Each structure stands twice: as C-alpha cells, then as structure tokens.
Amino acid sequence: MSLEEVRNYINTVRRDFANRPLTESSIVADPFEQFAQWMEEAVNSQILDPYAMCVSTVGKDFWPSSRIVYLRDVAEGGFIFYTNYDSHKASDIAQHPLAAINFHWSELERQVRIEGTVEKVSEERSDAYWASRPRESQVSAWMSEQSQVVESREVLESRKADILMRFEGMDIPRPPHWGGYAVMPERIEFWQGRPNRLHDRLVYLRQSTRWKVVRLNP
Ligand SMILES: Cc1cc2nc3c(=O)[nH]c(=O)nc-3n(C[C@H](O)[C@H](O)[C@H](O)COP(=O)(O)O)c2cc1C
C-alpha cells in the first residue's frame with residue numbers, strides 16, 4: 001500500500017464491537033483477581049503474547065516514551081517486568097518513578113489500563129527469575145547495552161562471542177544492570193468494547209487498603 005492508500009484505509013475502516021457487557025455486578029472486588037480472570041480468558045482465546053504490555057514512562061523535561069515488555073509476574077501488589085537498569089526506560093523511571101501499562105487484547109475487544117508508582121523488585125526476586133531464563137537470553141542480557149547507540153550488528157556479535165567465552169562451562173550470573181521493576185497500581189481500568197461505541201469502562205481506584213469502583217463515560 002502507498003501512504004495515500006494507508007491514509008484512505010485507516011480513515012474509512014469501521015468495525016463495531018460485539019455485545020459482551022462488563023457490569024458492576026459481574027466483576028470481583030479485588031482488581032488483581034479481576035485481572036487474573038481476564039488474563040485467563042486471553043490465554044484461552046489463543047491470543048499471541050497476551051502478557052505483552054505497553055509500558056509508558058516520562059523522562060527528562062516530561063518527554064514521554066512507550067515500549068512493549070513482557071509481564072513476568074504479578075506479586076506483592078505489583079505488575080512485574082524485567083529489563084536493563086541502564087536502559088532508556090530505566091533512566092525515565094529514575095527521574096519519575098511512575099508508569100502506565102496498557103494491555104490490548106483485540107480478539108476479546110478489551111484493554112486494561114494500569115497506572116502507578118514503580119519500584120525495583122528485590123535482588124532475590126530478580127535472581128530467581130534470572131535463573132529461570134534460557135542461557136541464550138542470559139547471554140543477550142550481558143551483551144546488550146540496551147538503548148545505547150551501537151556501531152553495527154557485527155559489534156554485537158563479537159561481544160556475544162566474548163561473553164560466551166567468559167562464562168564457558170559455568171552458570172551465568174545475573175548482571176548488575178539487569179533486574180525487575182514492579183508497577184504498584186493506584187488505578188486499574190477494565191475496558192470492554194460494546195456496540196455503537198457505548199463501551200463499558202470500570203475503574204478500580206485505590207483507597208488505602210481497599211478499592212473503589214467507578215464507571216466512566218466511554
Ligand atoms: C513482544 C515484545 C516483548 C518485549 N519484552 C521485553 C522485556 O520483557 N524486557 C525488555 O527490556 N524489553 C522487551 N522488549 C523490547 C522493548 O520493547 C524495548 O525495545 C527495549 O526494552 C528498550 O526500551 P527502552 O529504550 O525504552 O528502554 C520487548 C519487545 C517486544 C516487541
């Protein structure tokens with residue numbers, strides 16, 4: 001498609017949503033349990049990578065940026081992902097320890113929006129997850145100066161060879177620049193597409209130890 005054809009397509013394409021309601025009486029009191037139910041339905045719907053989520057942060061001068069990462073755990077009240085602590089997102093988080101997460105499961109006409117504060121997970125938790133990763137992924141984590149400019153693909157490949165040699169015949173330890181972050185939600189929205197754009201939006205708002213649910217206009 002030419003850009004002109006793309007413009008024409010996205011400007012005119014229309015799709016209505018099926019009629020699958022999300023009601024106050026059908027949700028559970030704990031948003032983590034509600035999330036688990038929706039994730040289970042996403043997994044059962046054979047969605048590819050239902051645990052892939054868009055994480056948005058803001059950095060210096062409130063410059064926003066977004067990227068997809070994998071949700072690897074939901075524990076101790078947080079949504080956990082793993083990454084490089086020297087990456088762009090890590091630098092953003094160091095300046096503004098806040099993030100917004102978005103899951104979009106188009107096959108189910110659903111999105112989940114999570115907003116909250118961000119903290120590093122414990123060293124023990126990062127170690128445990130590190131140990132479960134395939135060796136090839138561990139090598140990549142050691143060799144990647146994530147988000148820094150690299151001269152060429154060849155530079156990466158030669159770094160890989162160095163790392164393989166360095167750790168030959170031994171377990172690869174977790175690099176100091178790699179670990180997890182937990183997004184601790186203050187707000188979790190469950191969005192269900194409905195016909196004629198009259199979508200259902202139920203939001204859990206944290207009220208110290210409990211959650212209040214409100215409905216938003218679509
Ligand atoms: C499906 C998918 C899953 C990804 N999972 C991760 C992940 O779990 N951790 C990670 O650091 N990057 C992951 N990435 C790469 C990130 O999107 C991003 O390129 C990288 O983290 C650098 O982001 P930054 O420059 O904003 O720090 C994933 C990308 C895709 C498309």
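This talk covers the ligand site, the salt bridges and one surface patch of the structure above.

Please keep in mind that this is a predicted model.

Let's start at the ligand. Which residues are around the ligand? The list runs D49, R67, I68, V69, Y70, Y82, T83, S87, H88, K89, Q146 and S147. By class, that shell splits into 4 nonpolar, 5 polar and 3 charged residues. Three elements each supply at least two shell residues: β2 (64-70), β4 (78-84) and α3 (88-95). The largest share is from β2, with 4 residues.

S87 has a polar side-chain atom 3.4 Å from a ligand oxygen. How much of the ligand does the protein cover? On its own, the ligand has 610 Å² of accessible area, and the protein covers 64% of that.

Next, salt bridges. The count is 17.

Pair one is E41 with R110, with the closest N and O atoms 2.9 Å apart. This pair links distant parts of the chain, 69 residues apart: E41 sits in helix α2 (residues 31-44), and R110 in strand β6 (residues 110-120). Is R110 buried or exposed? R110 is buried, because its relative accessible area is 5%, and buried means under 20%. E41 has 30%, so E41 counts as partly exposed.

Pair two is R125 with E76, at 2.5 Å between the closest N and O atoms. R125 belongs to helix α4 (residues 123-132), while E76 is in the loop between β3 (73-75) and β4, 49 residues apart. E76 is exposed, at 66% relative accessibility.

The side chains of R174 and E123 meet at 2.8 Å, N to O. E123 is in helix α4, and R174 is in the loop between α6 (153-166) and β7 (178-192), 51 residues away. R174 is buried, at 16% relative accessible area.

Last stop, the surface. M1, L3, V6, Y9, I10 and V13 make a nonpolar patch of about 640 Å². Take I10, one of these. I10 lies in helix α1 (residues 3-12). Why does I10 count as exposed? Because its relative accessibility is 57%, and the cut-off for exposed is over 50%.

Key
Residues numbered from 1 in each chain as written. Predicted model: local features only at pLDDT ≥ 70, side-chain atom pairs only at ≥ 80, totals over all residues. Heavy atoms only, no water. Patch = residues over 30% accessible without salt bridge, like charges linked within 9 Å, V, L, I, M, F, W, Y side chains within 5 Å. Areas by Shrake-Rupley, 256 points an atom, 1.4 Å probe, with all protein chains shown as cover. Salt bridge = Lys/Arg side-chain N within 4 Å of Asp/Glu carboxyl O. Buried < 20%, exposed > 50% of the residue type's maximum accessible area, 1.4 Å probe, protein only. Near = heavy atom within 4 Å. Polar contact = N/O pair within 3.5 Å; in protein donor to acceptor, adjacent residues only side chain to side chain. Nonpolar A, V, L, I, M, F, W, Y, C, P; charged D, E, K, R; others polar.
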